[in-house]
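Dear colleague,

My findings follow directly after it.

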Amino acid sequence: MPASAALVFAGTRNVSGSRASALDAWLWQLRDAVEAAEDAIDELEYYELEEKAKERTITDWGFPFGKMKHKFVRFVKSSPVFNKILKKITHGDTLKRLMKSVDCLDKAAAGVVSFLNLTDHLNRGSSTSSHQKVQKLVDNDRQTCSTLSATIFVGREKEKEQIIGWLANTSAELAETGGTRTNNIPIISVVGHGGMGKTTLAQSICEQDEVLKHFKVIWITVSTSFDATSLTSKILECAMRAKSTADHLEPLQQDLKEKLMSIKFLLVLDDVWEDNKRDEWEKLFSPLRKLNMGSKILLTTRMQSVADMAVKVMGVKRDYCLTLHGLEEDENLELFIHHAFSGLNPGDYVYLKSIGAQIAKKLRGCPWVTKVVGEHLQGNMTFEYWSRFLDQGLEHFEGTEDDIVTVLRLSYYHLPIELQICFRYCSIFPQNHEFEKKELVQLWIGSGLISRRASSTQTLEDTAEHFLAQLTRKSFFDLKTKAGGFLLNEKTGGLKQESYVMHDLMHKLARNVASGECARIDDPVQLKYENDTIRYLCIDNIRSFSADDVKKISHFKNLRAIIIYNNQSVEDDIVCALEMIVKSSKSLRLFHSKLRNTFRFADKFGNLKHLRYIYVFEISPDMIYGIAKLYHLMVLRCGSGGLEKETYQVRYLGNLERLRYVSYGVCGFGNFGISRLTSLQELHDYQVGGRICNEISAIGNFRDLRELVVRGLDNVESYKEAKNAKLKEKQHLSSLFLEWSAPDQIITDDLVLDHLEPHANIRVLVIQGYDGPKVPFWIENRSVKNLVSLKLICCINWEYLPPLGELVLLKLLQLDKLPKQRQIGQSSDMSSSSSMDLLLPQSLYTLEVTACRQLMELPMLPLDLVVLKIHHVRVKKLPMIGKVSGEIIESKPSKLACVSVSRCRYLTSLEGSLLEQKLYMGTVQVLTVDDCIHLESISIPFEEMKELQELTVRGCPKLRTLTDAKDMLAPSSLNKLTIAFCGDVELPLLEP
C-alpha cells in the first residue's frame, strides 16, 4: 500500500490540464486495485487468526465432549485435499475478490507504459539519480544529527530593541494621559508573512531579563480559531499555571479580573488571524481594560487588518506596529550555515561555501524557509545536488508564501515514501494541533500507515518514533516543550511535557499534497466538494451536521480512518447514521470518536475484519463480544466512560493476540488470561491471583512492554515466581508500578522484590504496599540509574534509604506512608556518621515527604529543587539548600517555587532553615505553613520574595512573630493571603 499511495502523488508534479486529469484517474485506479488486493489478503489472514482463536476458546473453556469433537474436526481438516475444498467453500467470496483485484491490477498496469513515458519526460535531465539517493536518507542519517539542531537567534536586533524600548516606555504614556493611567492597554503588533520569524522574535523578547523583571509573561497561541471564552480561559490558565474550573464567559472574566488585578503583565497574542469578529474582540478585551497596571499586549499576525482591529477595539494609538521583512544577506547566510552544517565541520565542505552563499541569498532573508532548506540540503552534501537545487528548485523564488510552499514541496518530495504518507495523514488535524508522541504513533500504526518494523530488533513503535524524529529533524514538525511554572509541571515532577506541532505553512503544504486522500470537514457544505477517493477523514464540529449530512459520508467508499474530534454528546439519529457509515466502511482500519455517546453496534464492529484501532467514550457489554472478533485489533481504548459493567465476555479479549494497547475502564486484566497477548506494549492493572489465578510468570514472554502495572504481588509465593516475570530482560520497559495489595500480610519470601529487578532503562518506578524489611538491592546499589521518577508508598517496614545522589536524572522523589523510615541517605549497614554529601540528586525537581512519622531530619536540598512538600513528618527543623562539599556550600541562584509544610507537630522554629537563605527565596511563588501546632516563629524575607503569589499560615496557635516581616510590606506580587488560627501573630503590611 505505501508504494501505491506514493504513485498517486508521484506523477502529479508539473502536470496540468487533461493530462493531469487522465493521469490522476489512472493512479487512483491503480491504488484502488492494490488496496483491494491488500484487503483480500488481510481478510484471509483474518480467517487464519479466527481459526486459531476458536481452537484456543475450545481448549481453554470448552466442555469435554466439545473438546473431543474439536480434535476430530481438526484431524479431518489436516487432510490437504479436504483443507483445499474447505477454503474454497468458506473463503470463496474473499478469494473471488482477490482474483478480481488481480484483474484490476492487470488493467491498470496496461497504462503503465504511458505513465513511465510521462514521468521520464518530466524528470529527464533533472534529479532522478539524486532522488534515488535521498530515498536512503532515513537509513543513512548521521548520528550527530539524529536530534533537533540547536536553536539560534539571528538578526532582528533593531526590532528587538524597539519592542523592549516600547515595553519600558511607561513615563511617556503617562505624560500623554496627564499622569494618570487609562483603562486601555497599549498594543504593539508585529506583522509579516509566514516564516518571517514573528513568533521567534516574540519568544526572544519574552526571554529578556529586563522584560521578565517587570512583567509577568502570558503567552497565548490564537491561530485561526478566535473565541473569547476559550481565549479568556487560556489566559487564566497561563497566568495562574492551573486550569480554571469555569467554562462560561462571565465567571471566566470575573476570575480574570480577580487573579490579575495587581499583576503587571505582558500578554502575547501569537499568530492571530481574526480581523472581522469585533464582538469577540470586545469580549476578550473587556476584562483586560480593568487590569491596566502598566501591562502591555504584544500581537503577532500576518495581516495589517488584524493589527488595526486590535487597536481599534482597545481604543489605543495605531503608532506601534512593526512590519518584518527579510533578514540581511549576512544574517541569513549565518542562519543557513548553522542549519546546513549543524553537527558537521564547515571546513570539510569548503567546496560548498560559494554555492551555499548563493542559495542563502536566493532565499531572500526568510528565516524559516532558510532553516528548512538548510536541513534539507544537509541530506546530500554534494556540489552537484546543491547546484541543481539552486538552478531548478529556486529558479522562480521571490519570497512570497506561495513560493515558500513550493520550496517546502521540494523537501517533501525528497522524503522517503513512508515519511510522506505519515506527513500527509496529519493534515486531517486542525492547524496548530499539538500531537503527543504516543497519540500520534498509535494513530499511524492503527491506521495501517506503519505495518512493518524497520528491523528485527525494532518494534512498530520504534519505527514510528524514528519516522517522527526524522520529520522533526527536517522541520516538518516542531518540537514544543510546554513551559509553565511548577503548578503545571507538578504532576509530572518537572518532567518535560513535549508535543509536536506543524508550522502553519507546513500544515498548508500537508493539506495541499494530501488533497483527494485526506480530509478534515467542519462544515456539511464541504461534503459536496471532497473527492470520493478520500481514505482518511476527520469530522469536526459534528453538532452542526444533521443525520442526513452524516449519511452523505457514505459516498467515500474506501475510508480507512474515521476520526470524530468532538468531546460532547449528539442526538441519537446522528449516532445511528454514524453506525451505518461504520458498518458500510469495509476497509476501515481506525475508528476514533470522543463523542460521549455509547455506540451499541457489536455486530457492525464485528464485521470490520480490517479494524486495528478503536477509541470510544464508552463500551456496552454486548459490544465486547463484537470487538473480541476483531483479530487484527491493535488498539482498544475508552474515554472516562469505560465499560458500562463487568462482563464475562471480557475474557474473549485474550484471543486478540495482536493487541498492543488496551484500556477499557475496568480493573480487568485479572479477569482473563493474557499469556498469548505477547504484542502488548502497555499492561495496566494486571492482577496476580484473582478469580482465575493469574501468575506473575504470565508476563515473562512480554519482551516489548513499555509500561507495566502489577497488583496483588502478595500472591507471589516465592522469588522463583518473581524471577520468571523476566523484568530485567524487558529493555523497552520505561514505567513500572509494583503493588502489594495487603501490606499487613506476612511476606512469605522477602526476596520477591529483589527478583523483580527491572532493566536499567527503567525511567518511572512506583513500589507500593511492600511489607519486606529492606530496600531492594537494585535500588541500594543504584543500578537503575536512568530513573526520572521514584515513588515509594506504604513500604511499612523500611527504616533506611540509601544515598540517591547517583541517580543523576531523577526529577521526582515521593516518599509516602513509610512509618518506620528514620533516615534518607543511609543504608542498613552504614553508620549514622556517614557523609551527607549527594544524598539527593542535584537534578531533583520535586521532593514530597508524607506520613513518615519517624523521620527526624531531611538531607541538604539540591539547588535545582522547585517543589518541596513536607506533611506529617517528625522533623524538628527544615533542611537548607546547597551542595555540600566538605565544609563549603556552593552558592548559585535557586529555582525553588513552592514550599509547603503541614502537620509537622515537632517543629518549633524555622531558624536555620531554607527560609533564612535569602539568596534562594527570590523565586518562591507559594509558601504554606499549616497545622504546625508548636511552631513559635517564622522567618519570611519579604524583601527578597518578589514573585510570591500565595502565602498561607494557618493552624499554628503558638505562633507570635513573623520574623523579618514586622514593618515590612508584603510583595506587590501577592494575590492570596491566608493567616488563620495563629494566636496573636502580627500581620504583614499590604500595599494599598
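Cysteine 898 has valine 926 of E28 as its bridge partner. The strands concerned are E27 (residues 898–902) and E28 (residues 926–930), which run parallel and are joined by 5 bridges. Please note that this is a predicted model.

Both strands belong to an open sheet of 12 strands with parallel pairing, in the order E15-E16-E17-E18-E19-E21-E23-E24-E27-E28-E30-E32. At its edges are strand E15 (682–687) and strand E32 (976–980), each of which pairs on one side only. From one strand to the next, the twist averages 5 degrees.

Beyond neighbours within four places in sequence, phenylalanine 737 is in contact with Leu708, Val709, Val710, Arg711, Val766 and Gln768. Between phenylalanine 737 and isoleucine 767, the C-alpha to C-alpha distance is 6.1 Å, with a separation of 30 residues in sequence.

As to confidence, the protein chain has a mean pLDDT of 78, and 77% of its residues reach 70 or more. The pLDDT is below 50 over residues 1–17, a stretch with 41 contacts in the model beyond near neighbours in sequence. Residues 174–180 also stay under 50 in pLDDT, and the model has 6 contacts for them beyond four places in sequence. Where pLDDT is low, the predicted coordinates should not be read in detail.

With kind regards

Definitions and conventions: Residues numbered from 1 in each chain as written. Predicted model: local features only at pLDDT ≥ 70, side-chain atom pairs only at ≥ 80, totals over all residues. Heavy atoms only, no water. pLDDT = per-residue confidence, 0-100. Contact = heavy atoms within 4.5 Å. Pairing = 2+ DSSP bridges. Helix = DSSP H or I, 4+ residues; strand = E, 2+ residues; numbered from the N terminus. Axes fitted to C-alpha atoms, helices over the stretch in contact; angles between N-to-C directions.
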